[in-house]
Amino acid sequence: MACPRVIFLILIKFFILPTALSSSWQTLSGKPPAVIARGGFSGMFPDSSIQAYQLVNITTSPEVMLWCDLQLTKDGVGICFPNLNLHNGSNVISIYPNYKERFSVDFTWKELSDVKLAQGVISRPEIFDDVSSILAIEEVAKLTDSGLWLNIQDSAFYTQHNLSMRNSVVSLSRRLKVNFISSPEISFLKSMKNSVKPAVTKLIFRFLKQDHIEPFTNQSYGSLAKNLSYIRTFSSGILVPKSYIWPVDSALYLQPHTSLVTDAHKEGLQVFASEFANDFVIAYNYSYDPTAEYLSFIDNGNFSVDGFLSDFPVTPYRAINCFSHVDTKRAKEQAKITILSKNGASGDFPGCTDLAYERAASDGADILDCNVQMSKDKIPFCMSSIDLINSTNVIETSFRNLSSVVSEIQPRSGIYSFSLTMSQIQTLKPTISNPQRDWGLFRNPRNNKAGKFLTLSEFLFLPNHYSSLLGILIEVENAAYLVEHQGISVVDAVLDELKRANNNQQNKTSARTILIQSTDKSVLMKFKEKNKMNHDELVYRVDKDIRDVEDSAVRDIKNFAGSIVIRKNSVFPYKGFFIFKKGPNVVSKLKSSGLHVYVETFSNEFVTQEYDFYEDPTLEIDCFVRDIQVDGIITDFPATTARYRKNQCYGKFDLPETGELRTLGNPMILAPAEAPYPLLRISDVTEPPLPEVRSQTPASSPSKAEEKAIEVPFAFIAMAILVSFFISV
């Protein structure tokens with residue numbers, strides 16, 4: 001008799017669970033937020049092109065609505081185009097060079113047949129320009145089953161040209177499936193109110209910038225946002241720039257969220273947020289992660305918007321379906337991937353500082369890394385570079401006079417760690433790295449100069465504080481130079497610290513995995529020889545892009561290392577941010593030999609992802625994990641990969657066809673193919689043994705005056721440089 005009861009309970013759970021999940025949304029309807037693709041996938045292809053609309057269907061689902069900025073031609077044909085003026089977004093100037101004006105109303109539909117679309121955002125790829133024709137609204141409607149969102153930005157303009165946008169929209173709504181009609185003009189929405197069925201087509205009031213004036217009321221949009229009861233008299237919802245909900249100050253930091261969404265829902269208004277794109281600079285609070293930004297609008301515990309208008313619809317679609325409402329403490333990890341930090345969470349804090357390691361551990365890193373440098377008094381410590389200029393404010397101190405050129409390390413001058421004692425180094429302030437500064441992308445400036453550097457001894461105690469860690473990685477570089485020219489054995493220094501940590505009963509590091517990494521075979525062989533380390537504890541790092549590895553080189557590496565680190569470009573070679581067709585699967589070859597393969601470096605800044613990954617760091621990770629099946633990811637933003645591991649859609653979506661996107665470009669614009677990356681040969685791996693340290697005269701101790709850095713105002717340094725420049729001229 002128990003069996004029917006069990007079946008009944010199972011059925012109850014089956015039918016109730018989806019309802020509970022649905023009702024967990026704080027949208028007006030209680031359903032998941034909608035995604036609207038602005039001009040299709042306009043972050044990649046020209047806005048409103050057939051390729052842009054088709055890519056939406058390929059990367060998302062039929063639920064995602066297509067957005068059309070409706071314009072009218074001289075003969076009243078409705079077309080989808082993002083601007084009134086055809087100049088920005090097409091090649092109309094080259095087709096009609098003698099026209100004084102180039103608005104859509106200046107041309108008939110037939111005259112526009114020769115005009116091709118172009119990317120209207122200068123920072124986006126131009127290789128798809130002059131390929132696609134302008135589409136009539138009826139053609140766009142054929143590309144979707146879920147319906148259209150029509151945006152009417154300038155109906156008054158068409159009235160001035162004896163065209164009725166209202167009549168056109170009414171006619172279209174009767175012939176096509178139109179779900180939403182938006183406009184920033186109250187007069188237009190009022191004129192439409194009795195011409196559409198609210199159950200079929202909803203009218204949405206679109207807010208412009210807060211200080212812009214709405215012509216019908218002569219009020220600013222900011223003031224209208226405080227009179228939602230009035231907005232409700234002619235619309236079913238509002239479309240607002242995201243700053244209306246999460247304001248951002250002039251320094252690019254989030255301010256407390258407003259009550260707009262909650263207030264609008266109380267009035268029965270849906271709220272859609274706009275101005276989302278993966279290649280826009282966003283608040284530092286999001287660490288350049290677009291998924292984190294979307295989640296802050298729908299999964300914050302206080303409110304949820306009813307939809308997103310995005311140039312990259314795949315990202316909000318996955319944020320909603322895969323990463324929202326995930327209990328990060330209880331959710332199981334779907335993807336099996338090891339996360340190795342890159343100088344800790346160096347995307348958020350100065351690398352190799354206590355704060356960078358603390359953030360990396362709390363964000364989900366499995367293995368923390370220490371790039372070991374040596375001080376003048378032979379104390380090993382963690383720092384991302386042997387050149388203090390790259391990681392500290394040394395150039396602003398009196399130690400700037402220690403600058404020198406060491407050609408064995410780098411061609412330019414630097415201030416090296418072995419030139420200062422540990423006590424001197426501890427007076428320096430760490431600086432956050434900005435690897436994408438040439439693109440105008442800077443990491444969290446509030447965290448610049450935050451934290452303190454750790455000695456290797458202190459680093460080895462970190463596993464005591466973070467039980468989630470699987471282990472640590474110690475990186476050793478420039479060992480041969482330090483031995484031959486500075487009389488310092490970094491290998492011996494590391495081994496001494498490991499021995500002391502192992503003998504300390506309070507230190508639990510020895511119970512965790514300890515990896516030693518280097519680009520030098522001789523260094524790894526020395527560790528193996530002196531400490532009898534298992535080759536599985538040794539990691540060989542390839543410091544250049546490669547297309548493949550010779551079999552003899554693989555066998556040699558396998559003899560002294562259990563893991564290998566290669567660059568992302570060695571997996572997906574690219575040119576001009578587009579991936580070429582994949583060549584040999586380097587990762588598969590290395591894994592088949594028994595090596596663990598780790599890939600570096602995964603960052604969040606959108607310029608670090610090729611266009612094939614739609615400038616989405618999470619989608620890039622998905623490709624490396626599912627398609628390439630790497631064993632580990634080395635990242636300066638561990639939180640992004642840690643969230644990915646609990647992806648509720650893992651394996652349910654198709655992967656991008658890497659290398660295909662470039663083939664759709666204009667052949668006249670495509671950059672020529674470059675020579676392939678070189679092979680990794682056995683000659684690249686083989687090197688002479690690491691020499692032993694010869695006895696040297698001890699370096700003199702620093703005077704008390706030298707012991708502490710004298711910080712020099714930056715303005716003084718700049719003035720000195722300018723004076724030097726003009727004297728030389």
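The model is a predicted one.

Helix packing comes up first. Helix 11, spanning residues 290–298, and helix 12, spanning residues 314–323, have axes that come within 9 Å and cross at roughly 60°. The crossing of helix 11 past helix 12 is right-handed. On the helix 11 side, the contact is made by Pro 290, Thr 291, Tyr 294, Leu 295 and Ile 298, while helix 12 puts in Thr 315, Pro 316, Ala 319, Ile 320 and Phe 323. Sorted by class, this contact of helix 11 with helix 12 has eight nonpolar residues, two polar ones and no charged ones. Phe 323 of that contact turns up again elsewhere: the charged end of Arg 643 sits over the Phe 323 ring, 5.3 Å from its centre.

Helices 19 and 20 make another pair. Here the axes of helix 19 (residues 521–531) and helix 20 (residues 551–560) come within 10 Å, with a crossing angle of roughly 35°. As for spacing along a helix, an α-helix has 3.6 residues a turn, so residues three or four places apart point the same way.

Helix 6 (residues 165–175) can be described through its buried residues, which are Met 165, Ser 168, Val 169, Val 170, Leu 172 and Ser 173. What do the buried residues of helix 6 pack against? Their partners include two strands, strand 2 (65–72) and strand 6 (178–183). Helix 4 (137–141), helix 5 (155–160) and helix 7 (186–192) are packed against as well.

On to the aromatic rings. The count of aromatic pairs comes to 40. One of them joins Tyr 96 and Phe 107 in a tilted arrangement, with 4.9 Å from centre to centre and 45° between the planes. Both partners belong to the loop between helix 3 (92–95) and strand 4 (135–136), and they stand eleven residues apart. Tyr 96 counts as buried because its relative accessibility is 16%, and Phe 107 counts as buried because its value is 0%. Ring pairs also tie Phe 45, Phe 128, Trp 439, Tyr 574, Phe 577, Phe 578 and Tyr 611 together into a cluster. A charge meets a ring at Phe 276, where the charged end of Lys 242 sits over the ring, 5.0 Å from the centre.

Thr 640 is part of helix 24 (residues 638–645). Is Thr 640 buried or exposed? With a relative accessibility of 3%, Thr 640 counts as buried. Setting aside residues up to four places away in sequence, Thr 640 touches Asp 289, Asn 604, Pro 617, Thr 618 and Ile 621.

Val 549 sits in strand 21 (residues 548–549). Its relative accessible area is 1%, so Val 549 is buried. Beyond its neighbours within four places in sequence, Val 549 is in contact with Val 554, Val 586, Lys 589, Leu 590, Leu 679 and Leu 680. Pro 584 is 35 residues from Val 549 in sequence, with 9.5 Å between the two in space, C-alpha to C-alpha.

Definitions and conventions:
Residues numbered from 1 in each chain as written. Predicted model: local features only at pLDDT ≥ 70, side-chain atom pairs only at ≥ 80, totals over all residues. Heavy atoms only, no water. Axes fitted to C-alpha atoms, helices over the stretch in contact; angles between N-to-C directions. Helix = DSSP H or I, 4+ residues; strand = E, 2+ residues; numbered from the N terminus. Buried < 20%, exposed > 50% of the residue type's maximum accessible area, 1.4 Å probe, protein only. Contact = heavy atoms within 4.5 Å. Left-handed = near helix turned anticlockwise from the far one by under 90°. Nonpolar A, V, L, I, M, F, W, Y, C, P; charged D, E, K, R; others polar. Phe/Tyr/Trp six-rings, centres within 6.5 Å; stacked < 30°, edge-to-face > 60°. Lys NZ or Arg CZ within 6 Å of the ring centre and 35° of its normal.
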